[in-house]
Amino acid sequence: MTSLPPLTSQDGTTIPAIGFGTYSLRGAGGAETVVRAIEAGYRLIDSAFSYENEGAVGAAVRQSSVPRDEVLVTSKLPGRYHAYDDAVRAVEESLFRTGLDQLDLYLVHWPNPRSGRYVEAYEALVACRERGLVRHVGVSNFLPDHLDTVIAATGVTPVVNQVELHPYFPQANQRHADAERGVVTQAWSPLARAGELLTDPVVLAVAAAHGVSPVQAVLRWHVQLGVVPIPKASSPERQRENLDVFSFELSTHEMNALTGLARVDGRTNGQDPAAYEEL
């Protein structure tokens with residue numbers, strides 16, 4: 001197997017099989033790193049309002065030699081801006097920060113249950129889509145009930161749901177719920193605590209069987225599950241390695257072995273802290 005087609009959501013939106021995470025990539029150095037990623041072949045660049053790097057991401061997209069319409073740029077609405085007017089202003093501010101005319105994906109970063117206004121926030125994103133500020137809308141860290149609530153309120157199904165997902169926390173129920181609704185599942189923290197997961201004997205055995213790195217074995221597991229992993233990498237070598245997962249295929253036994261690493265609570269306890277920022 002040399003390649004896999006992009007994933008397709010219920011509205012026909014195609015999503016690259018692997019994205020590039022940008023959390024902590026800021027300033028000129030961050031922009032240079034994102035440019036390298038785009039030049040290496042990444043076509044889905046993930047950012048967020050609260051990452052404070054939309055400017056660096058936008059600069060990288062503009063500086064890259066890759067045509068703008070070939071790169072999908074994602075940002076996310078922070079929990080503190082769920083009031084309708086605040087959400088609209090946040091999207092407008094994201095555009096000013098990136099220097100782009102339109103963002104490709106804009107997600108509600110998390111449902112923020114303390115305020116209970118995630119439906120209002122999603123409605124604002126749908127309105128921004130109608131204005132042409134964003135091409136597609138989605139969510140992050142949403143449970144099935146949250147998905148059903150925003151779909152019922154707006155008639156618009158999120159294109160993606162970005163959640164924590166890795167072999168220690170495979171999220172079978174959430175993946176099934178997303179798929180039932182035609183929502184593409186994306187994985188933040190796809191390598192969990194990398195130092196622990198990547199030295200796990202099962203991961204090492206699967207990687208050795210294919211002559212690949214533990215990172216590649218885990219990312220391939222995501223791809224075969226139909227999940228879009230969003231790994232972060234600064235070095236050109238690691239960026240290329242993370243993309244090079246389409247020349248081998250894990251067996252059913254290997255897939256089950258990696259999924260079998262699931263723990264009762266395998267979450268990494270907030271590796272995406274910006275998702276939970278309410279202030």
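## The sheet

In what order do the eight strands of the open sheet run? The order is E3-E4-E5-E6-E7-E8-E9-E10, and the pairing is parallel. The model is predicted. Strand E3 (20-21) and strand E10 (228-229) stand at the edges. Each has a single partner strand, so one side of each lacks a neighbour in the sheet.

Strand E4 (residues 44-46) runs parallel to E5, and three bridges join the two. Here isoleucine 45 stands opposite valine 73 in E5. Helix H3 (residues 84-98) lies across E5, strand E6 (103-108) and strand E7 (134-140). H3 runs at about 140° to E6.

## Nonpolar cores

The largest nonpolar core holds 69 residues. Within this core, Ile45, Tyr106, Tyr122 and Val134 touch the most other members. Helix H4 (residues 118-131) gives the most to the core, with seven residues. A second core is separate and has 10 residues, including Leu7, Leu44, Val184 and Val228. In soluble globular proteins, nonpolar side chains tend to be buried together.

Which residues of helix H6 (residues 172-180) are buried? They are Gln174, Arg175, Ala177 and Asp178. These residues cover an arc of only 165° around the axis, so they sit on the same side of H6. An α-helix has 3.6 residues a turn, so residues three or four places apart point the same way.

The face turned away from the buried side carries the exposed residues Asn173, Ala179 and Glu180.

## Positive phi

Most residues other than glycine have a negative phi. Asparagine 112 is not a glycine, yet its phi is positive, at about 50°. Asparagine 112 is found in the loop between E6 and H4. Its relative accessible area is 1%, so asparagine 112 is buried.

Glutamine 171 also has a positive phi, near 55°, and is a residue other than glycine. It lies in the loop between E8 and H6. Just after H6, glycine 182 takes a positive phi of about 75°.

Glutamine 239 is found in helix H10 (residues 236-243). Is glutamine 239 buried or exposed? It counts as buried, because its relative accessibility is 1% and the limit for buried is under 20%. A polar atom of the glutamine 239 side chain lies 3.2 Å from the backbone nitrogen of alanine 37. Leaving aside residues up to four places away in sequence, glutamine 239 touches Phe20, Thr33, Arg36, Ala37, Ala40, Tyr42, Ala233 and Ser234. Phenylalanine 142 is 97 residues from glutamine 239 in sequence. The C-alpha to C-alpha distance for this pair is 28 Å.

Serine 64 sits in the loop between helix H2 (54-63) and strand E5 (72-77). At 8% relative accessibility, serine 64 counts as buried. What does serine 64 touch, not counting residues up to four places away in sequence? The contacts are Ile38 and Glu39. The side chains of serine 64 and glutamate 39 are joined by a polar contact of 3.3 Å.

Key: Residues numbered from 1 in each chain as written. Predicted model: local features only at pLDDT ≥ 70, side-chain atom pairs only at ≥ 80, totals over all residues. Heavy atoms only, no water. Helix = DSSP H or I, 4+ residues; strand = E, 2+ residues; numbered from the N terminus. Buried < 20%, exposed > 50% of the residue type's maximum accessible area, 1.4 Å probe, protein only. Polar contact = N/O pair within 3.5 Å; in protein donor to acceptor, adjacent residues only side chain to side chain. Contact = heavy atoms within 4.5 Å. Core = buried A, V, L, I, M, F, W, Y, C linked by side-chain atoms within 4.5 Å. Pairing = 2+ DSSP bridges. Axes fitted to C-alpha atoms, helices over the stretch in contact; angles between N-to-C directions. Arc of directions from axis to C-beta.
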